[in-house]
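Hi there,

Here is the structure I promised to pass on to you. Please open it and keep it beside this message as you read.

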Amino acid sequence: MLWRTQITPRLRGAGLFGYADGTMPKPTSLLVTKDKDGTETSEPNPLHPIWVKEDQQVLGFLLSNLSKEVLVTVTAITTAHA
């Protein structure tokens, strides 16, 4: 509880708490659009790499603020929300 009390204001203050609580969902990696004939095309979603970068920064921050005893229990976590 103490750790959460210390971390939450820092993430909220930086506008990044949504990555930790899951309210900043991961955007799809591709955007699919249809033209007037109904032909689908896809292109990379420019928001996806930004989300990945910011999520990993938050994850790194969270991991760097864990004790060694706790850190060994979360070694498989790959996103801030997890």
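This is a predicted model: local features need pLDDT of at least 70, side-chain atom pairs count only at pLDDT 80 or more; totals for chains, interfaces and linings use all residues.

Residues are numbered from 1 along each chain as its sequence is written, and side-chain values use heavy atoms, with hydrogens and water left out.

**Two helices**

Two packed helices are described by the angle between their axes and the distance between the axes. Here, helix α1 (residues 2-13) and helix α3 (residues 47-64) have axes that come within 11 Å and cross at roughly 150°. Helices (H or I, at least four residues) are DSSP runs, numbered from the N terminus. The axes are lines fitted to C-alpha atoms over the stretch in contact, with angles running from 0 to 180 degrees between N-to-C directions. α1 and α3 are therefore roughly antiparallel to each other, a label for angles over 145 degrees.

Which residues make the contact? From α1 they are Trp3, Ile7, Arg10 and Leu11, and from α3 they are Val58, Phe61 and Leu62. Contact means heavy atoms within 4.5 Å. By class, this contact has 6 nonpolar, no polar and 1 charged residues. Ala, Val, Leu, Ile, Met, Phe, Trp, Tyr, Cys and Pro count as nonpolar, Asp, Glu, Lys and Arg as charged, and the others, Gly among them, as polar.

**A salt bridge**

The count comes to 1 salt bridge, meaning a side-chain nitrogen of Lys or Arg within 4 Å of a carboxyl oxygen of Asp or Glu. Lys34 forms it with Glu40, and the closest N and O atoms are 4.0 Å apart. Is Lys34 buried or exposed? Lys34 is exposed, at a relative accessible area of 60%. The cut-offs are under 20% for buried, over 50% for exposed and in between for partly exposed (1.4 Å probe, protein chains only).

**Gln56 and Thr79**

Gln56 lies in helix α3, and Thr79 in the segment after α4 (68-71). They are 23 residues apart in sequence and 6.6 Å apart in space, C-alpha to C-alpha. Leaving aside neighbours within four places in sequence, Gln56 is in contact with Thr78 and Thr79. Counted the same way, Thr79 touches Asp55, Gln56 and Leu59. Gln56 is partly exposed, at 38% relative accessible area, and Thr79 is also partly exposed, at 24%.

Happy exploring!

Terms used
Helices (H or I, at least four residues) and strands (E, at least two) are DSSP runs, numbered from the N terminus. Angles under 35 degrees count as roughly parallel, over 145 as roughly antiparallel, 65 to 115 as roughly perpendicular and the rest as oblique.
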